[in-house]
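Visitor: I am new to this structure and would like to learn how to read its features one at a time. Could you show me the model and then take me through it?

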Amino acid sequence: MQDEIDSLHENHTYELMELSKGKRVLRNKWVYNLKPADGGNPPRYKARIVVKGFQQKKGVDIDKIFAPVVKMTSIQTMLSIAASMDLEVELLDVKTKFLHGDLEEKICMQ
């Protein structure tokens, strides 16, 4: 959990503030996963804090709803191109992931 908290601080992901009048507060939860051992590294536990975004109401908390996702056909196309050109595909494990988009709305999380 401490790694997640440290990365949130280092990336200036949030700021503490007083709740504005009329704003709703979204709750959060900790999600825990066990990352299996690989390449001689022992298994380790990972913790992520996530906001319960399903509590948001369109027109009240947010104006637009958008979730970036990757289509399976895009992955299949990239793998088939790599295979046909005899290229190597590498996997990169990112310790912390952040979307690089700025929100126009203020999201208040408890």
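Guide: Let us begin at the surface, where Val70, Met72, Ile75, Leu79 and Val89 form a nonpolar patch with about 490 Å² of accessible area together. A patch is made of residues with over 30% relative accessible area and no salt bridge, where nonpolar side chains (Val, Leu, Ile, Met, Phe, Trp, Tyr) are joined within 5 Å and like charges within 9 Å. Accessible areas come from the Shrake-Rupley method with a 1.4 Å probe, and for residues only the protein chains shown count as cover.

Visitor: What kind of model is this, and how are its residues numbered?

Guide: This is a predicted model, in which local features need pLDDT of at least 70 and side-chain atom pairs count only at pLDDT 80 or more, while totals for chains, interfaces and linings use all residues. Residues are numbered from 1 along each chain as its sequence is written, and side-chain values use heavy atoms, with hydrogens and water left out.

Visitor: How many helices and strands does the chain have, and in what order do the elements run?

Guide: Helices (H or I, at least four residues) and strands (E, at least two) are DSSP runs, numbered from the N terminus. The chain has two helices and two strands, and read from the N terminus on, these elements run α-β-β-α.

Visitor: How should I judge the span of helix α2?

Guide: The expected span of a helix is 1.5 Å times one less than its number of residues. Helix α2, residues 72–84, has 13 residues and reaches 18 Å from its first C-alpha to its last, close to the 18 Å expected at 1.5 Å a residue. Met72, which belongs to the patch with which we began, is found in this helix.

Visitor: Is Met72 buried or exposed?

Guide: Buried means under 20% relative accessible area, exposed means over 50%, and partly exposed lies in between (1.4 Å probe, protein chains only). Met72 is exposed, with a relative accessible area of 55%.

Visitor: What follows α2?

Guide: Asp86 follows α2, and its phi is positive, near 55°, although Asp86 is not a glycine. This residue is exposed, with a relative accessible area of 70%.

Visitor: Which residues of α1 are buried, and why do they line one face of the helix?

Guide: An α-helix has 3.6 residues a turn, so residues three or four places apart point the same way. In α1 the buried residues are Glu4, Ser7 and Leu8. Seen down the axis of α1, its buried residues fall within an arc of 100° (taken from the directions from the helix axis to the C-beta atoms), so they line one face of the helix. What covers these residues includes β1 (28–35) and β2.

Visitor: Where is the salt bridge, and which side chains meet in it?

Guide: A salt bridge is a side-chain nitrogen of Lys or Arg within 4 Å of a carboxyl oxygen of Asp or Glu. The structure holds one, in which the side chains of Glu4 and Arg48 meet at 2.9 Å, N to O. Glu4 lies in helix α1 (residues 2–10) and Arg48 in strand β2 (residues 44–51), so the pair ties together parts that are 44 residues apart in sequence. Glu4 is buried, with a relative accessible area of 8%, whereas Arg48 is partly exposed at 22%.

Visitor: What does Asn28 touch, apart from residues up to four places away in sequence?

Guide: Contact means heavy atoms within 4.5 Å. Asn28, which is found in strand β1 and is partly exposed with a relative accessible area of 21%, touches Ile49, Val50, Val51, Lys52, Met109 and Gln110, not counting residues up to four places away. Asn28 and Ile49 are 21 residues apart in sequence and 6.8 Å apart in space, C-alpha to C-alpha.

Visitor: With which residues is Met109 in contact, leaving aside its neighbours within four places?

Guide: Met109, in the segment after α2, is in contact with Val25, Leu26, Asn28, Ile49 and Val51 once those neighbours are left aside. Across the chain, residues 24 or more positions apart account for 61% of the contacts with a separation of 6 or more.
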